[in-house]
Amino acid sequence: MRANEEALRGLMIDGLAGDAASHAALLRLLVPLLRGFFRRRANGSDDDIEDLVQETLIAVHTRRATYDRERAFTAWLFAIARYKMVDHFRRTCRLQPIEGLEESLFAEDFEDATTARLDIEDLLSTLPPKQARAIRATRIEGLSVAEAAKAGGIGESDLKVSVHRGLKMLIARIQGGAR
Amino acid sequence: MNTDDLITRLAKDVPPVRRGATVMRLALGILLGALVSATVVVLALGIRPDLGLAMRGTAFWIKWGYTFSLALAAIVMTVQLARPDSARLRWTWLLAVPVVLLTGLGVAELARTPPALWLAMWLGHSWMICPWLVLALAMPIFVGLLWSFRRLAPTRLRAAGAAAGLAAGAFAATVYCIHCPEVSAIFVLTWYSLGILLAASIGALLGPRLLRW
């Protein structure tokens, strides 16, 4: 399952209803997300990062009653992760913030990027797979048209048309959603 | 421990969580603390002898309405600050409503009273002990809230401590109403509020130490 807001929130809500399998699936999906979150913000050995990941997982588990089902799950999660990270900086000197404590408290870049990536994945999943693949290759992974066409096993003009149609459809969808 | 093992172990204990569990837990902490405070008032300070009569007048209900609405507004803050994603607080203006209303009543009261009596009205009979009693009665409620917070997830510890102190102070003042015979609005506005603010300050001071998790 892809770790987008919708899916994580669904698992969290099922977990709150007492579904242990959903809860376990949620915690497993959070591991790579949290590792990325901490690696970008803290200098430390893999063990220290893993300690933080585990502390956050335990907090997510023991404090799960504080999640409000009406609100965004990722905002709740990253707020806990940020708190655990700052607490960790305070307690031990082994782990150091990369850009100073103040900035790491307020820098929302990774969080925003993650949320944006999740949104993009959501949007792409609404497109036909061929168009989604073409956009992902050329616009997200940064391949050239020739490389992407070769990787996809289709012609260059075919790929360009797919990207064009896909983007047009996404724009229409976003504008439709905003209205 | 390996992260996979940790997850397996955590997933063994997944009790269902009711909606509003956070609010219920805070309410329970306040209720338990308020019971202790009320017991202290009844046993140590004594219920005001004319309570039955006072409850038929408006002064008692103005006082009680002020402290109780302030307490509810403080709860709204505390509930928000008990959750990790509390960067943007909403409804803070609610705290100002009781203060503004009581100030209006106080001004009207002063206009009706000859200036020679203003000082007596403002100081009442108990201005020196009233704030301290409110503060003392707030302690059990604050402890009750600390118990509630043990399962909650505040990330702004100073603000959460202040909100908890404010709620404790305002509920303590609500309980104190059954003892205190003072009637004037400006008395309540000054000395009750002072006690409540003292409780909030102590909460803000202790929050970062006591609310860590």
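Among contacts in chain A between residues at least 6 apart in sequence, what percentage join residues at least 24 apart? In this predicted model, the share is 57%, where two residues are in contact if their C-beta atoms, placed from the backbone, lie within 7 Å. Residues are numbered from 1 along each chain as its sequence is written, and chains are lettered from A and ligands numbered from 1 in the order of writing. Local features need pLDDT of at least 70 and side-chain atom pairs count only at pLDDT 80 or more, while totals for chains, interfaces and linings use all residues of the predicted model.

Chain A contains nine helices and two strands; helices (H or I, at least four residues) and strands (E, at least two) are DSSP runs, numbered from the N terminus. The order of these elements from the N terminus is α-α-β-α-α-β-α-α-α-α-α. Chain A has 179 residues, of which 29% count as buried. A residue is buried if 20 or more other C-beta atoms lie within 10 Å of its own, exposed if 12 or fewer, and partly exposed in between, with C-beta atoms placed from the backbone.

Chain B has nine helices and zero strands, and its elements run α-α-α-α-α-α-α-α-α from the N terminus. The C-alpha trace of chain B spans about 75 × 35 × 30 Å along its principal axes. Of the 213 residues in chain B, 43% are buried. For contacts in chain B with a separation of 6 or more, 90% are accounted for by residues 24 or more positions apart.

A nonpolar core is a set of buried Ala, Val, Leu, Ile, Met, Phe, Trp, Tyr and Cys residues joined through C-beta atoms within 7 Å. The largest such core has 83 residues, and B:Val134, B:Ala167 and B:Ala172 have the most contacts inside it. Helix 8 of chain B (residues 157–176) supplies the largest share of this core, 14 residues. Apart from neighbours within four places in sequence, B:Ala172 is in contact with B:Ser37, B:Val134, B:Leu137, B:Ala138, B:Ile141 and B:Ala199. A second, separate core has seven residues, including A:Ile135, A:Ala137, A:Ala148 and A:Leu159.

Between the chains, 20 residues of chain B are in contact with 29 residues of chain A. On the chain B side, the elements that give two or more residues are helix 1 (3–10) and helix 2 (21–45). Helix 1 of chain B gives the most, with four residues. The chain B side comprises 13 nonpolar, three polar and four charged residues. Here Ala, Val, Leu, Ile, Met, Phe, Trp, Tyr, Cys and Pro count as nonpolar, Asp, Glu, Lys and Arg as charged, and the others, Gly among them, as polar.
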